[in-house]
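Please open the model in your viewer and keep the selection tool handy.

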Amino acid sequence: MTETLENRTAPGKRQRREGFWPTLIARFLKHKLAVLGLVVLILLGLLAIFAPLLAPYTFDGQDASIIGQPQPPSAAHWMGTDQLGRDAFTRVLYGARISLMVGLFSALLATFLGTLVGALSGYYRGWTDTVLMRITDVVLCIPLLPLIILLSGILRPSVALLIAIVGSLSWMGTARLVRSQFLSLREREFVEASRALGGGDNRVMFRHILPNALGPIIVSTTLSVGGTIMLESALSFLGLGVQPPTPTWGNLLNYASQWLTAAPWLAVFPGLMILITVLAVNFLGDGLRDAFDPRN
Amino acid sequence: MSLSYIFKRLLGMIPLLLGVSLILFGVLHLAPGGPLDVYADNPSVTQEALEQMKRAFGLDQPLPVQYFRWVTAFFQGEWGFSIRTAQPVMEEVLSRVPATLMLSGSAFFLALVVALPLGILSATRRYTGVDYFITLMSFLGISMPVFWLALMLQLLFAVQWRLLPSAGMQTIGDGSLLDILRHLALPVFILAFASVAGWSRYMRSSMVEILNQDYIRTARAKGVSARRVTYSHAFRNALIPVVTVVALDSAAILSGAVITETIFAWPGLGRLFIDSMNGRDYPVLMALLMVGSFALVVSNLVADLAYSLIDPRIRYD
């Protein structure tokens, strides 16, 4: 008994304590569905990256012998073909590239903007806070889905512009979240210590406070990827997002909707892919939330 | 809650809506292309006629002047004329309101009567098979691309089984209540679907929190029946945060209607929005976006007021 106590307090011997990250990973691994979600997303990511190698055909390659009438799934074409004789499986695979890219990058852009606004607002308070939060309030009062639909309709955006539109109109939630984190963290002792040591505003904000607010930010970014993937699909489904012949899950569904009666299989798979992806993202986000905030 | 508080909040709506109008006007007018683009490609419209139209619509003025003119007119109820149909914008918009209200109103009530019992069931049977099933279902619901679900339902109910019409509001020459109800079924289900998953989760977590409170334990210890504890002690208190979420979401249902109305060819505000967008009908588009913002602002206000109305612990001054 005394021996162990002495051992523990013995100078020079480091206490065996679990670090922040190992604890976090252990907690995350307990959430089976979240792990499943992560595995599914990694697989989807790999499929998207290596689509040109994995796809049995090229994405706009046409099989001249079956042009004119969509073909149901078969051994040669697992998900069938469309009216132009293009392999649906190949197009779904390629669709993953754009859909995942738009979803991921617009969520990252939104997080960047939201973190910046929230950090400035919560750190400086005063009139900076007032101005930034009034702007946030105003943007929150705009019906965003119609506005994004409208902008895509007018601009007919490229993939990059689409990411910019979606990302620059979805930062408000993150901004409010980061602001509230900063408001409470800035009163803590370590912030005072950093300032006493001569840390400038930028250093205190981004080197000391921000890392402590990272948990909620990571969770909200993850969850918003689901939202942005859904948004891109909806836009492309309406014919306003990414334009054909570049396939995305959304515009594949747009095409399929015109062939619903004659070729229902074309509509099934792209939608299933969106569902699986967003479901995986939501499970992952839920697991991360539990891991970062064990009180829940 | 005092009358002066409500009055203050109503006044607060004005700068908010002005800000919204400034952003919307700026975004729409700085984007390339303009309301007269439809005519620009038409060879029978001469350059002179185009210039004349520009002057007639005031489009030759600098942007701040255009904004000032538009915003003063708009807030006085002068919404101008549709470029596409030459009808007064307000008439165009108002004529579509009943169809959208019918659709989103029914969806709202359907979502409510499904979501609340599901949430209560989930909370009272916490960590049982029922709870896990409902939780899994709501995850599926949150992750569901509703436009795809709509396609699948059209495929099953309209194409395969021929039970329900796939689109429109009524059969031509019919229009009886039953006919409209049959047309309503699919779009209402789809529109409600998106809200049910979210609301039932809120109801569940709010209910779980309340059921862990001391006064619930006291009630149980006194021998109050489980049913009574759930419905008259816990439910009413658990409802408070849910009311806020539901009120805030009610405006979101309206914007979700844009997609649903497009898929089901429902002749409401959402369809008008898409049609006006394709026709570059800026006056109608601005009016619709402003109406949408107004609905959002009002739903925010209703959420706050409802909160203080049902929870006397909340006081605003």
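Start by selecting Arg162(B), which counts as exposed because it has 9 C-beta neighbours inside 10 Å; the classes used here are buried for 20 or more other C-beta atoms within 10 Å of a residue's own, exposed for 12 or fewer, and partly exposed in between, with C-beta atoms placed from the backbone. This is a predicted model, in which local features need pLDDT of at least 70 and side-chain atom pairs count only at pLDDT 80 or more, while totals for chains, interfaces and linings use all residues. Residues are numbered from 1 along each chain as its sequence is written, and chains are lettered from A and ligands numbered from 1 in the order in which they are written.

Arg162(B) sits in the loop of chain B between α7 (146–160) and α8 (177–211); helices are DSSP runs of H or I with at least four residues, numbered from the N terminus. Check its backbone: phi is positive, about 55 degrees, though Arg162(B) is not a glycine. Most residues other than glycine have a negative phi.

Next, select Arg280(B), in the loop between α11 (269–278) and α12 (282–310) of chain B. Arg280(B) is another non-glycine with a positive phi, here about 50 degrees. Is Arg280(B) exposed or partly exposed? It counts as partly exposed, because 19 C-beta neighbours lie inside 10 Å.

Now show both chains: 33 residues of chain A are in contact with 31 residues of chain B, contact meaning C-beta atoms within 7 Å. On the side of chain A that touches chain B, α7(A) gives the most, with nine residues.

Notes. Helices (H or I, at least four residues) and strands (E, at least two) are DSSP runs, numbered from the N terminus. Two residues are in contact if their C-beta atoms, placed from the backbone, lie within 7 Å.
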